[in-house]
There are 2 protein chains.
Amino acid sequence: MHPTNDPDLRSFIDVAPESHFPIQNLPYGVCRPKEGGEVYICTAIGNYVLNLAELEQAGVFDGPQLDGKRVFSERTLNKFMSLNRAAWLEARTTISNLLSADEPTLRDNQSLREEVLIPMDEVEMLMPVDIGDYTDFYSSEQHAFNVGTMFRGPENALKPNWKHLPVGYHGRASSVVLSGTNLHRPQGQVLGEDGETPEFSASKLLDFELEMGFVTGPGNQLGDPIPVSETREHIFGLMIVNDWSARDIQKWEYQPLGPFLAKNWATSVSPWIVTLDALQPFKTEGPEQDPEPMSYLKSDEGWYDIKLDVFLQGEKMDKPHKIAASNYKNLYWSMNQQLAHHTITGCNVQPGDLLASGTISGETEDSYGSMLELSWKGEKPLKFPNGEQRTFIQDGDTITMTGYAQGEGYRVGFGEVTGKIKPAKELKF
Amino acid sequence: MHPTNDPDLRSFIDVAPESHFPIQNLPYGVCRPKEGGEVYICTAIGNYVLNLAELEQAGVFDGPQLDGKRVFSERTLNKFMSLNRAAWLEARTTISNLLSADEPTLRDNQSLREEVLIPMDEVEMLMPVDIGDYTDFYSSEQHAFNVGTMFRGPENALKPNWKHLPVGYHGRASSVVLSGTNLHRPQGQVLGEDGETPEFSASKLLDFELEMGFVTGPGNQLGDPIPVSETREHIFGLMIVNDWSARDIQKWEYQPLGPFLAKNWATSVSPWIVTLDALQPFKTEGPEQDPEPMSYLKSDEGWYDIKLDVFLQGEKMDKPHKIAASNYKNLYWSMNQQLAHHTITGCNVQPGDLLASGTISGETEDSYGSMLELSWKGEKPLKFPNGEQRTFIQDGDTITMTGYAQGEGYRVGFGEVTGKIKPAKELKF
């Protein structure tokens with residue numbers, strides 16, 4: 001175990017056991033003071049953010065990988081991500097040392113502490129990465145089985161290719177937005193009541209998809225696939241992803257080229273990138289893969305035990321209600337397999353690409369990662385304490401996803417990704 | 001007619017009637033001296049490029065829209081594209097005046113001419129745009145009919161949605177490459193001879209797709225669709241696009257989420273962006289659209305008469321042979337309709353997005369825009385003068401596409417997009 005993952009490690013900053021941000025986490029984000037001021041790259045510790053740009057300018061990152069590189073004096077993490085694992089681990093080690101209870105440099109320097117440790121509620125988080133390309137996979141077997149069963153019956157639920165390769169498609173990068181962005185209900189073509197004639201409408205079957213996504217570090221040259229054994233060198237960290245979906249738009253448009261407008265109006269991500277280094281203690285075994293994957297996909301890494309919860313709060317509800325509890329380990333194909341597959345034709349990835357998992361559903365009915373599955377196409381409405389029901393998302397509903405890996409006495413968490421659906425806009429043509 | 005489109009306008013630079021770059025064109029590109037030196041934005045006139053960065057620094061662009069903006073002192077056209085049509089027309093008018101036979105400023109200043117007019121064969125063209133997102137449509141009825149007929153028969157060739165909306169999907173922006181980039185044959189999963197079991201193989205059914213793409217100028221805010229009547233304000237210009245496709249990879253992978261690896265290994269574009277202003281004289285009527293499009297798609301603009309040719313040259317052939325002749329007007333859905341559809345859910349476009357047409361096939365067998373159609377799934381090999389045949393692209397084959405609009409005594413052309421297929425790389429897992 002790397003010393004930065006030691007469960008007994010403590011910071012001089014008090015961190016509650018249920019906090020997402022103990023010294024074992026040290027995720028990366030980008031923020032700005034709410035009262036105005038410079039944008040800076042930061043990490044999180046307890047209820048504080050730590051200004052890494054200031055520390056960089058103060059010469060703290062003086063190791064062989066980072067000295068003089070000025071990667072934290074940027075407005076996004078892309079430059080830091082474009083380095084390599086040695087640089088990432090050097091930064092993690094430096095920050096971990098600086099925050100540890102035994103290290104006086106920052107602990108005993110009150111003026112420096114006041115300059116670089118800012119209460120989290122005094123800053124606004126910003127999009128941490130300039131996302132180049134966004135890809136979305138479909139890698140949870142239970143989700144693919146559920147959706148396939150609804151439309152084709154359980155015998156033909158999975159298409160013949162599903163267990164041979166991680167099915168995926170290209171998404172829209174421009175509309176990936178940060179947690180907290182509220183969204184108008186999208187409009188477009190949907191099938192009318194006769195099931196044959198399209199009509200223009202606000203989406204009536206609005207859904208979320210509970211996903212996680214990884215962002216890439218160094219890329220590969222066009223034409224040179226990334227061998228699956230080297231994929232870990234190209235994966236920087238993970239975020240929670242809500243792949244908002246308009247099911248009625250999707251149903252009408254998606255043949256034969258896949259989802260397009262149903263998904264391109266917004267995809268929300270959590271503000272903190274949790275690194276693979278922080279997640280090392282939470283590795284788990286993957287599922288048995290049968291048939292055996294082809295050589296270019298053979299890998300036993302990329303599965304992690306990360307609990308994931310989804311909450312819905314309507315405007316008349318007094319608090320968010322948990323509607324699903326899943327886990328990142330509920331994936332058939334791992335992120336390493338996804339990346340190897342994505343590049344096998346020679347497709348190039350670049351620092352800051354986002355590759356999402358697809359909806360993560362577990363085996364029980366309360367672990368499904370979308371309203372489509374939770375309400376089984378609307379046949380089983382979800383019931384809430386105030387008497388309201390939901391089959392799909394209503395105007396005014398806020399969807400919040402959160403996730404963490406549980407250590408002994410601490411949690412490595414992702415914070416949350418939240419967004420509220422506002423009524424459709426009035427359009428003029 | 002705008003004065004810059006006057007067919008009688010002539011430059012003091014000699015331009016042959018068959019040149020793609022008369023004074024009526026003035027496309028935008030980015031280049032670098034082959035002998036080394038600075039990257040600069042340029043236009044083309046006859047066999048010369050005109051250095052717009054130098055002219056900008058000399059104060060030539062002093063009109064109200066461009067003065068002080070320094071849009072040509074960039075490495076890509078994105079900043080210029082992000083302005084508006086008034087700025088684009090001001091630049092066009094300034095350049096047209098400067099190059100016209102009657103205007104002495106540049107004509108009679110030999111030292112300035114030598115500084116800013118460079119023989120085209122002394123420069124290397126570079127990618128003119130930093131492409132944010134890439135979308136590919138499927139808007140030629142004949143192409144959709146041909147492909148649908150091969151797989152489902154002529155009665156069910158078009159899916160029910162096809163005539164109601166411009167079907168499209170998100171593509172991969174990172175692998176959009178410039179004309180002249182040679183590419184290794186991609187490898188991946190394809191179905192074996194039994195038609196059921198996948199195997200790992202270099203693609204045996206390698207194809208091109210003849211397309212054109214438009215690049216966007218100013219974008220829209222997330223949540224605010226672009227009304228079809230305003231789409232012209234957001235379209236900067238057009239390029240020729242070769243959407244390389246591995247048909248065997250595509251066939252196995254594409255259900256249910258659409259093409260992914262079959263397309264993401266490369267998309268080639270021509271180096272010059274021809275503006276909508278240059279194409280004004282070549283507007284044509286679109287096809288009759290039945291059923292009538294919904295209000296948000298109603299538009300009578302976006303079709304242009306642009307001849308498009310495809311050539312194939314094998315390594316043992318003495319020259320490129322024309323294998324297809326199509327036309328940009330062979331599109332059912334126009335670019336304006338494509339853009340209105342793309343944003344109707346509120347999806348945001350940004351300056352420099354690429355939206356391609358989909359394969360452009362005409363009604364005759366020699367006007368089909370892909371090998372899949374030209375050889376009808378391989379059933380009708382193309383025959384070449386040296387006795388060779390082709391059903392799909394072989395190693396060593398070079399595919400070249402070119403296109404132009406024919407005026408009276410002049411051509412507004414796109415140059416060409418070319419690329420050679422090299423053998424598959426040896427891979428190690």
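## Start of helix 3 in chain B

Which side-chain oxygen reaches the backbone nitrogen of Ala86(B) at the start of helix 3 of chain B? In this predicted model, the oxygen belongs to Asn84(B), and it comes to within 3.0 Å of that nitrogen.

## Length and burial of the helix

Helix 3 of chain B runs over residues 85–99, which makes 15 residues. From first to last C-alpha it reaches 21 Å, close to the 21 Å expected at 1.5 Å a residue.

The helix is mostly covered, with eleven of its 15 residues buried.

## Annotated domain in chain A

An unreviewed UniProt entry annotates residues 24–128 of chain A as "domain: Fumarylacetoacetase N-terminal". Over this stretch the chain is 34% helix and 22% strand.

Five strands of chain A form an open sheet in the order 4-3-2-1-5, with antiparallel pairing. Strand 4 (117–119) and strand 5 (123–126) are the edge strands, each pairing on one side only. On average, neighbouring strands of the sheet are turned by 50° against each other, direction ignored.

Within the sheet, strand 1 (residues 28–33) and strand 2 (residues 40–45) of chain A run antiparallel and are joined by four bridges. Val30(A) has Ile41(A) of strand 2 as its bridge partner. Helix 3 (residues 85–99) of chain A packs on this sheet and touches strand 1, strand 2 and strand 3 (48–51). The direction of this helix makes about 60° with that of strand 1 of chain A.

Technical notes
Residues numbered from 1 in each chain as written. Chains lettered and ligands numbered in written order. Predicted model: local features only at pLDDT ≥ 70, side-chain atom pairs only at ≥ 80, totals over all residues. Heavy atoms only, no water. Helix = DSSP H or I, 4+ residues; strand = E, 2+ residues; numbered from the N terminus. Expected span 1.5 Å × (residues − 1). Buried < 20%, exposed > 50% of the residue type's maximum accessible area, 1.4 Å probe, protein only. Polar contact = N/O pair within 3.5 Å; in protein donor to acceptor, adjacent residues only side chain to side chain. UniProt positions renumbered as here; feature names shortened; annotations may be inferred. Pairing = 2+ DSSP bridges. Axes fitted to C-alpha atoms, helices over the stretch in contact; angles between N-to-C directions. Contact = heavy atoms within 4.5 Å.
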